Amino acid sequence: MRHFFIVLVFIGFYNFTNAQIEQSKTGAWYMYFYKHQFKNSQFGIQGDLQYRNWNTIGDLEQLLIRSGVTFNPKTANILFTLGYANITTGEFGDGNATVSESRIYQEALFPQKLGKRFHLAHRFRYEQRFVENQDFRTRYRYNLFLNIPLNNESLSDNTFYIALYNELFINGQTEIGDNRVVELFDRNRTYLGLGYVVKPSMKFQFGWMNQKTVNWGKGQLQLSFHHSF
């Protein structure tokens, strides 16, 4: 019943949102991910820098800078992170207005291997969001990653691989201030890409991601560099 209601809301507001959000325009995200484990320590750092465009280039959708401290327990194959992100979100369409956000987050990431070629990873993330002109908000996220090597059984040097993920976002609150409300369902992202392992510490990926909210859906090209040092 809830899914039926969501569909009705989308249809009812389609003309309004389509006038302001060009859903047919493919966007592009350019991303750098880094990770470092301190020598002889269970602690490290990781983060990412993302420049997101509503079109291929030039129409800012979002600039995201994120970094955190990681902890890897000796007795479990899991990585915990406590971090902070600063986000600048651009206005949809031709406007140049922006909204700023500070975000604290905690996450747990644990890998899983099925057979010889299926490399899974589960990521659970909890965010505390301080968005400009909104009340304090929280959000829950779950991402399932899958990498499948093509010309090798492992993600070793000179390996091409298929990269897939699906991430679900759930809002912790529906009221965000000044009588404004959002849905509990925030968005869903589905991604398919091709990756290349230069060496285990350096990987490139290029792919396509479809992002859907209650009111709109849009495709994004993604180019990313994943770097461990």
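**View 1. Glu 61 and its contacts in the predicted model.** Leaving aside neighbours within four places in sequence, Glu 61 touches Trp 29, Arg 52, Asn 53, Trp 54, Thr 88, Thr 89, Gly 90, Gln 211 and Gln 220. Everything shown here comes from a predicted model. To place yourself, find strand 3, which covers residues 60-71 and holds Glu 61. Is Glu 61 buried or exposed? Its relative accessibility is 8%, and because buried means under 20%, Glu 61 counts as buried. Look as well for Ala 28: Ala 28 and Glu 61 are 33 residues apart along the chain, and their C-alpha atoms are separated by 9.3 Å.

**View 2. Strands 1 and 2 side by side.** Here strand 1 (residues 27-37) and strand 2 (residues 43-53) run antiparallel. How many bridges join strand 1 to strand 2? There are 10 bridges. For one spot to look at, find His 36, with Ile 45 of strand 2 standing opposite. Strands of a sheet pair through backbone hydrogen bonds, either parallel or antiparallel.

**View 3. Trp 216 in a loop.** Where is Trp 216? Look in the loop that lies between strand 12 (202-212) and strand 13 (217-228). Trp 216 counts as buried, because its relative accessibility is 8%. Arg 187 is a handy landmark: in sequence Trp 216 and Arg 187 are 29 residues apart, and in space the C-alpha to C-alpha distance is 9.6 Å.

Conventions:
Residues numbered from 1 in each chain as written. Predicted model: local features only at pLDDT ≥ 70, side-chain atom pairs only at ≥ 80, totals over all residues. Heavy atoms only, no water. Helix = DSSP H or I, 4+ residues; strand = E, 2+ residues; numbered from the N terminus. Buried < 20%, exposed > 50% of the residue type's maximum accessible area, 1.4 Å probe, protein only. Contact = heavy atoms within 4.5 Å. Pairing = 2+ DSSP bridges.
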